[in-house]
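This report goes through a structure step by step. Look at the sequence and the structure before reading on.

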Amino acid sequence: MWTFIIRRLLQSAIVIIGVTLITFTALQMSGDPTYLYVSERATDEEIQRTREALGFDKPLPEQYLTFLGNLAQGDFGNSLSYKRPALDAVLEALPATLELTLFAMFLAIVVAIPLGVVASLNRGSAVDGSIMTVGMLGQSIPSFWLGIMMIMFFGLQMRILPISGHVPFIMPLLSGDWAQAFRNLPQALYYLIMPGFAVAFYSISRNARLVRSSMLEVLGQDFVRTARAKGISERAVVIRHALRNAWLPVVTMIGLEFGFLIGGVVVVEMVFSWPGIGRLVFNAINQRDIPVVQAAVVILALVFIALNLIVDLVYAKIDPRVKL
Amino acid sequence: MNTLNSLLLAGAVALAAPSLSHAAPPDNTIVVGLSADAATFDPAQISSRDNSNIAKHIFATLFTVNFEGEVTPYLVDETSVSADGLSYTFTLKDGLTCEDGEPLTAEDVAYSFNRPADKSLAFTGNTPGFVYTTLGFKSAEAVDDLNVKINLSAKTTLALGMMSQVYIHCKDSYEAMTPEEAADKPIGSGSYRLASWDRGSQIVLEKVKDPGNFETIIWRIIPEASTRTAELIAGNVDIITNVSPDQAPAIDSSGSAAVAKVNGTRRMQVGFNLGKGVEGMPGAKEIQDPKVRHALQYAVDVPGICSQLLGTECTRMTSLVNPPNDNPELTPIPYDPDKAEQLLDEAGYPRNAEGVRFSIRLQGPRGRYLNDANVVQAIGQYLSDVGVQTEVELLEWATVYSPLLRTKEMGPLFFLGQGGVTWNPLYDMSLFSTPDGATNYQSWTDQRWFDDWKLAVDADTVEEARPVINRMLKLFHEEGPWLLLYFQPDFYGVSNRIEWTPRRDEEIDLFNATLKS
């Protein structure tokens, strides 16, 4: 297993270098960012002075190598718009995004699996049809539209959920203030409901369909028939035998899910005023704040790689056929 | 089963907590919904409008531009100007203090002016950039405890107005700060102090002294326009900015808030790029002719654009200067497509067999100004209607449009909005202070304008320069490098709980906000 982990970590380093190269090249292709950091009436001398001060006058390969060298020391440079270390800005926004993403992943699993199981056990019935219809809608509705509709209905009309905002849970937890974190927990969950559901709706729908088809396949196999023939209760057959085998594809999806959900949080964070990385990156791209974009992409890539590694290890644990 | 019970409990707690949602603000608190967070509170680094709107409540300034658009003393008691107009000596009011109780003296004011200009600190905010460039700031020195002298490199009637943008703070506290502390923990000289800053969420200010009608100001960061509207209607915020016209009916019919509209000072125009950046492009040669530029003014139905696309009537521009400082003899050019066609014929550009006089490209940003994409497309259609076949190109602002603008490669026609002021016509006109100046995006080189510009800036007062200014504005009206559109209307959502009138200059001044009785 250790060989596998080391090999994956080495592969990850290559992935990270690729990620930084692509991000760096894409952002530089959009023009000289110096103009964003000088006044409208700046003279040519002022523009040149700023360009030199920010290092934009150097050849691109040199700028990239400088960036990589600094990256190795955990230095992503200063944010051009926030005037402070880019990594600080990203790490400050990361907990809010993790709260949203993990909550959405939680919903995508705990809601999707029962729905998929129920649909498979009632194949062809109205219940199955209803669940699959909702599933189809979930895969068709854009998350920002769903978010706005939820705000209008639950926030404005019914007034049972907050329209926007965020109460931190992970941040005080990380800073060691556990008491504050748990005092915040009810409010944090309350504020998470709408954005979490808006992010998760697509995944819930997709996972429910996945579980359903997986369950249908497993339920028709010999070992399930044998279990039933042995007189095991239907509940035990479904939960202990069928579902245990059916959720393997779902576990595989979880690793990929994170990347997908991160993509989804950008718009949802904007709609719900959620102070996370998605919003930070959105603003940074608009302002061509290259250090922040690079720091965010690298940090997210690291989180994504780590999560996939964990999923692979879990997969090997729950499926004895898989050898690392 | 225990796990299930825990989940159910967590769900019940969450659902039973509606009382925890944002409640209506208490009477001593005002909440403003902004689209963007502050980047810094270091007075030398602040650069965006949203950022300075908040900072204005933390830092006092020597002068302030009042609601009527006049520059009035704030920290200053008396002003004297040297005979050559290059030195201003200000006597401060007695008993001024900073937020931490430290007396605010002339030395602090001199420090507040000199710190942003310190090249070794490499500040990139509005003060060391735009303000000092326009002001011609050289140095500041304390004469004694109450008198401070500001030295300029050139005489300008813009001096006091530009100085009203320099934030005053105390030397001792800032000399002891790291750059990070200066950015995050400002010690101001104004009515409010920064109580907390949850980045990306909200900024809370607490009142420390008069003036100020609320004990607490909360600036909530709500980037999405429809979410800001929902928060306003729900009564969770009192003022929201950048209301889009399509959301105005929902606010007005909510019963809890109303839309306040003001015709702003931002000058919306179609620029004619007359420079080398577009040389050889279709249409670039034709617009060199002032008669063609004047003809195109008649081709665009500006009132129609305002009513149909901006949902309001606009104040039309007659030149590049904001009222009340514009030339009163000028009237907006009316929509008259027949006249446009006649003038284009006279200029030597008749329609060909396909009905086309000449072709040209019109570029515009998407999402930068109020309903900009639709406005640009409408203008393109109006121009095509009079035979000027217009290819409309909409571009992303930050990554494409802005760099093209700075290198003067836009157009040949390009849609742009430029901020202006109400306190001095020369500020608005200074976009064209030199033929090759950075803000002369149109590369307009009419010598009559630049000869008069020298006369206007050499005058001791605006009143003295008025005849020259009026002559310049008439020239701009008839032969200038702008297709004059409108002053951009700004829409704010205002809760029925409070009384507040928006300013024309996009500044959010909460000192004039009061709770309705």
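## Two helices of chain A

Helix α9 (residues 178-219) of chain A and helix α11 (residues 234-246) of chain A have axes that come within 8 Å and cross at roughly 125 degrees. Because angles over 145 degrees count as roughly antiparallel and those from 65 to 115 as roughly perpendicular, α9(A) is oblique to α11(A). The crossing of α9(A) and α11(A) is right-handed. The structure shown is a predicted model.

On the α9(A) side, the contact is made by A:Val211, A:Ser214, A:Met215, A:Val218 and A:Leu219. On the α11(A) side, it is made by A:Ala242, A:Leu243, A:Asn245 and A:Ala246. How do these residues divide into nonpolar, polar and charged? The contact of α9(A) with α11(A) has 7 nonpolar residues, 2 polar ones and no charged ones.

## Chain A as a whole

Chain A has 14 helices and 0 strands. Its C-alpha atoms fill a box of roughly 85 × 55 × 40 Å, taken along the principal axes.

Of the 324 residues in chain A, 41% are buried. Contacts can also be sorted by how far apart the partners lie in sequence. Among contacts in chain A with a separation of 6 or more, 73% are between residues 24 or more positions apart.

## Chain B as a whole

The secondary structure of chain B consists of 17 helices and 19 strands. The C-alpha trace of chain B spans about 80 × 75 × 45 Å along its principal axes. A compact globule of 517 residues would have a radius of gyration near 24 Å, and the 25 Å of chain B agrees with that.

Buried residues make up 49% of the 517 residues in chain B. Among contacts in chain B between residues at least 6 apart in sequence, 69% join residues at least 24 apart.

## Two helices of chain B

Helix α16 (residues 447-458) of chain B and helix α17 (residues 462-479) of chain B pack at an angle of about 160 degrees, and their axes are 9 Å apart. Because angles over 145 degrees count as roughly antiparallel, α16(B) is roughly antiparallel to α17(B). The crossing of α16(B) and α17(B) is left-handed.

From α16(B), the residues in the contact are B:Arg448, B:Trp449, B:Asp452, B:Leu455 and B:Ala456. From α17(B), they are B:Ala465, B:Val468, B:Ile469, B:Arg471, B:Met472 and B:Leu475. By class, the contact of α16(B) with α17(B) has 8 nonpolar residues, no polar ones and 3 charged ones.

## A residue in a strand

B:Ser359 lies in strand β14 (residues 358-366) of chain B. Is B:Ser359 buried or partly exposed? A residue needs 20 or more C-beta neighbours within 10 Å to be buried, and one with 12 or fewer is exposed. B:Ser359 has 14 C-beta neighbours inside 10 Å, so this residue counts as partly exposed.

Leaving out residues up to four places away in sequence, B:Ser359 touches B:Pro282, B:Gly283, B:Gln389 and B:Glu391. B:Ser359 and B:Ala117 are 242 residues apart in sequence, and their C-alpha atoms are 47 Å apart in space.

## Backbone details in loops of chain B

Which residues are joined by cis peptide bonds? One such bond joins B:Asp210 and B:Pro211, with omega about 0 degrees. B:Pro211 lies in the loop between β9 (202-207) and β10 (216-221) of chain B. The peptide bond from B:Pro323 to B:Pro324 is also cis, with omega near 10 degrees. B:Pro324 lies in the loop between β13 (315-316) and α12 (337-346) of chain B.

Phi is another backbone angle to look at. For B:Asn242, phi is near 50 degrees, a positive value in a residue other than glycine. B:Asn242 lies in the loop between β11 (239-240) and α9 (248-252) of chain B. This residue counts as partly exposed because B:Asn242 has 17 C-beta neighbours inside 10 Å. B:Glu506, a residue other than glycine, has a positive phi near 70 degrees. The loop that holds B:Glu506 runs between β18 (498-499) and β19 (514-515) of chain B. With 19 C-beta neighbours inside 10 Å, B:Glu506 counts as partly exposed.

Notes. Residues are numbered from 1 along each chain as its sequence is written. Chains are lettered from A and ligands numbered from 1 in the order in which they are written. This is a predicted model: local features need pLDDT of at least 70, side-chain atom pairs count only at pLDDT 80 or more; totals for chains, interfaces and linings use all residues. Axes are lines fitted to C-alpha atoms, for helices over the stretch in contact, and angles run from 0 to 180 degrees between N-to-C directions. Helices (H or I, at least four residues) and strands (E, at least two) are DSSP runs, numbered from the N terminus. Angles under 35 degrees count as roughly parallel, over 145 as roughly antiparallel, 65 to 115 as roughly perpendicular and the rest as oblique. A crossing is left-handed if the near helix is turned anticlockwise from the far one by less than a right angle, and right-handed if clockwise. Two residues are in contact if their C-beta atoms, placed from the backbone, lie within 7 Å. Ala, Val, Leu, Ile, Met, Phe, Trp, Tyr, Cys and Pro count as nonpolar, Asp, Glu, Lys and Arg as charged, and the others, Gly among them, as polar. The radius of gyration is taken over C-alpha atoms; the globule rule is 2.2 Å times the number of residues to the power 0.38.
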